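Take a look at the structure below. We'll walk through a handful of its parts one by one.

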Amino acid sequence: MNKYITIVFLLFCSFFCSAQEKNQNVSYTNHPVKDIIQDIEDVFPVRFSFNNSIIENKVVSYSGTLNLDVLLDIISAQANLNFEFLDNENVIIKPINEDKLSATQKLDEVLLVSEYLTSGFNQNKKDGSISLSLKKIGVLPGLIEADVLQSLQLIPGISSPTESATNLHIRGGTPDQNLVLWDGIKMYHQGHLFGMISAFNPYITERVDVYRSGVSAKYGDRISGVIDMQSSNDILYKKSIGFGSNLLTADIFVKTPIIKDKLGILISGRRALTDVFDSPTFSQIGDKVFQNTKIEESNNLQEEEELTILKDKFYFTDFNLKVLWQVSNNHQITFSGLLVDNTLDYANIDEFDQSSSDKLDLSNSGFSLSSAHYLNKKWSLSSSFHYSNYESQYILNEIQLEEEDNGFNRLNTVKDIGFTLQSSHSINSNSSINLGLDYTDSDVAFNINFLEEDEQDEIQQSRIQAFSAFAEYDYSKTKFTLKPSLRFVTFSKINKTYLEPRFYAGYKLSEAFTIKSSGEIKNQSVSQLVSIEFNDLGLDDNIWTLADEDEDIPVLNSKQITTGFLINHNGWKIDVEGYYKYNKGITSFTRGFNSSSIEDNYTSGTSDVYGIDILIKKRIKRFRTWLSYSLSKTDFNFSDIQSSKFSGNFDQTHVLSVSGSYKFKQLQVSLGWNIATGKPFSSPSGIDTFQNESNETENVLVYQQQNDNRLNTYHRLDASLLYDFKLGATNKVKARIGCSVLNIYNQKNELDKLFNLEQDENEQPEIVQQTLLGLGITPNLVFRISF
């Protein structure tokens, strides 16, 4: 216990104390302006917004004290740039004597932001969303690379109770309730290694916009958070190549202009090394992922020499392609495509020559085509088309001596096609309006094909077309921000129209103190249910399904209101938001219900979520430290299961993380400690024995109360270290090495408890408990080169 107290003490000391750094001397000789700006951001509490083309190929020479005012004057004089201060922190860089933006600069939206957690995390003052710039992101605790989805878990109100990257719960919502977009493509599968790392290459991701509340009306068909990712847009100006590897994956990307300032292309690929060698990183992740699965059971039997593994192959890949065409000064066309694929191929044979093979394929492919056209200084028009194809296929084949072979092919698919048309009008310098139409066609299928001739195949297919219209008004002055919006949506199959009003408002009481509030109503027609009936493997037991007109699977509905305040002064940031969310239409087949008593009793219910999210951050030059804390309560109301309310499946009352990072020249280090309340679980109260219709004796577990117990408190310490250097005589080749460690003190964290019935030596039923554990101490290494 003393070691935990010591760790917390050190982290809190680092949070509230840090010595001021003395003025440093610097020497720049024909040094790129972009690198100097990065140095300034590392030392001073300022943030620059600019278009890459403005500072491309511009260099500055200076030798002297690292002084903000002096440096900006030198850059302005030598590079012909103007620095416009929006406030004490935010600065826009513009070319001198250029009155209007070029078309390319128009297309790259300038956000009014301030640093949120560390470098690369910014907060949008117009709607409260958090933006991540992965190029600028600093080292994060436990992350060897800036994993897109894992990085978000440092933000208050976003957590993963199962330790996965993709299993994100945003303010009481479940992962399937989050809208995840990659260049406008809807993602129904977002991870590798069964969710342990995200499927999005961080080296080609330009920006990630995250909404916990105050969601814009242009986003529809999900009731929780929004994660909107955009890939790199600098492919028109310069060529860059990067490649590298860690102990799990190897990747490469190429970004190059085909016709400079007119046509550019981006290509990237990443592949697992899991089938090449068994690294300590994969060994730890595999131990966690394959718990309570057929693979773990087979491995145990192999050790007892009762079974031989014939095939054990597991790997994943992802590919990205982007083409950007600057048609004219006012018109741009973009094409993006991606493929995410995971394959598990496993086979074994026992001592009686009975064999079994399992093959699981998980993939999400898609593309988007978008066009942005500026009619004049006031009006712009944009359109986009997207297609997404998700497939989850599990094939089981069992060969038994003197018996008929059996098995099945289970296939769950989602085909999502959509088209969006938007028009934006700038009324004046303080206000604008955005109008849009949106069409989505979702086709979901779930098929079971049996090898046995006497088994009846099962085919389920449904389709919903959603027609939406939205309008959004944006008003922003120095002290006041208002963003009311309205979205109409009609679902064809259900033949119902839903009205979704939303708003965000902020008022600056002083230079340092801002109050804010938001409200929203959202609906969702597609969701995930748990299907364990046709899953002998024990992995990927979630299936996508659509709402129906009979409301056996209802449309999900959410109402949320949020209010809070922001203090931003002298390197301190204190962000506090309280919220209440009411969800309707959630079902007993939603992930997390483990009680056997409800497996055959489908019902729907509601949930109430109350919470407060707090961020306290201090920046002192190159040192950053922050504390994020979430206090929340999620109550389920399923009257057909239990007369009284009970804790939600993933309810965690307290989630706290304390982190710090420091950068000195080319070295970056980060340390973070996380602690959270254990999530609820249902414990059986006994065994019920009865005679079935065939006059056979059956035993089932009995549960008196749902989620009546909690797992032990979760806590973990993570650390990362990165070092950047340059290679070659010209120093044009950039290199990076680094290491990270998750769960430094190897805490045995409980993630879930499962209960099953087995027969004892007297052939009497007994309750057997299995505890699923999180990652043990997990190291990782990285080496990268870019030029």
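## How confident is the model?

Keep in mind that this is a predicted model. Across the protein, pLDDT averages 86, and 91% of the residues score at least 70.

Two stretches call for care. Over residues 8-23, pLDDT stays under 50, and the model gives this stretch 29 contacts beyond four places in sequence. Residues 98-113 also stay under 50, with 38 contacts beyond four places in sequence. Where pLDDT is low, the predicted coordinates should not be read in detail.

Let's begin with an open sheet of 3 strands, ordered E2-E5-E4, with mixed pairing. Strand E2 (47-49) and strand E4 (81-85) are the edge strands, so named because each pairs on one side only. From one strand to the next, the twist averages 30°.

E4 pairs with strand E5 (residues 90-95) over 5 bridges, in the antiparallel sense. Within that pairing, Glu84 sits opposite Ile92 in E5. Helix H2 (residues 33-43) packs on this sheet and touches E2, E4 and E5, its direction making about 145° with that of E2. Helix H4 (residues 68-79) packs on the sheet as well, touching E2 and E4, and its direction makes about 140° with that of E4.

## Strand E34 and its neighbours

Further along comes strand E34 (residues 604-620). Of its 17 residues, 12 are buried, so the strand is largely enclosed by the rest of the structure. Which strands does E34 join in the antiparallel sense, with 15 bridges each? One is strand E33 (residues 572-587), joined to E34 by 15 bridges; the other is strand E35 (residues 623-637), again through 15 bridges.

You can pick out individual pairs here. Ile574 stands opposite Ile616 in E34, while Arg619 faces Arg624 in E35. E34 and E35 make a hairpin with 2 residues between the strands, where Lys621 takes a positive phi near 55°.

## Salt bridges

How many salt bridges does a search of the whole structure find? The count is 29. Side chains of opposite charge can pair when their charged atoms come close.

One of these salt bridges brings together the side chains of Asp345 and Lys311, at 3.3 Å from N to O. The pair links distant parts of the chain: Asp345 belongs to strand E21 (residues 331-350) and Lys311 to strand E20 (residues 307-328), 34 residues apart. Are the two partners buried or exposed? Asp345 has a relative accessible area of 16%, which makes this residue buried, while Lys311, at 38%, is partly exposed.

Glu500 and Arg502 form a salt bridge whose closest N and O atoms are 2.7 Å apart, and both residues are buried. Glu750 does likewise with Lys753, the closest N and O atoms being 3.5 Å apart; Glu750 and Lys753 are both buried too. There is also a network in which salt bridges with shared partners join Arg171, Lys516, Asp575, Glu577 and Asp613.

## Helix H7 and what covers it

Helix H7 (residues 280-289) has these buried residues: Thr281, Phe282, Ile285, Gly286, Lys288 and Val289. Viewed down the axis of H7, they fall within an arc of 160°, so they line one face of the helix. An α-helix has 3.6 residues a turn, so residues three or four places apart point the same way.

What covers the buried residues of H7? The cover includes E20, strand E45 (750-759), strand E46 (765-773) and strand E47 (778-786).

Our last stop starts with strand E43 (residues 714-727) and strand E44 (residues 733-742), which pair in the antiparallel sense over 9 bridges. Leu721 stands opposite Cys739 in E44. The two strands form a hairpin with 5 residues between them, and Gly728 in the turn has a positive phi of about 85°.

E44 is also joined to E47, by 9 bridges in an antiparallel run. There, Ile737 has Phe783 in E47 as its bridge partner. E47 is one of the strands covering the buried residues of H7.

Methods: Residues numbered from 1 in each chain as written. Predicted model: local features only at pLDDT ≥ 70, side-chain atom pairs only at ≥ 80, totals over all residues. Heavy atoms only, no water. Helix = DSSP H or I, 4+ residues; strand = E, 2+ residues; numbered from the N terminus. Axes fitted to C-alpha atoms, helices over the stretch in contact; angles between N-to-C directions. Contact = heavy atoms within 4.5 Å. Buried < 20%, exposed > 50% of the residue type's maximum accessible area, 1.4 Å probe, protein only. pLDDT = per-residue confidence, 0-100. Salt bridge = Lys/Arg side-chain N within 4 Å of Asp/Glu carboxyl O. Arc of directions from axis to C-beta.
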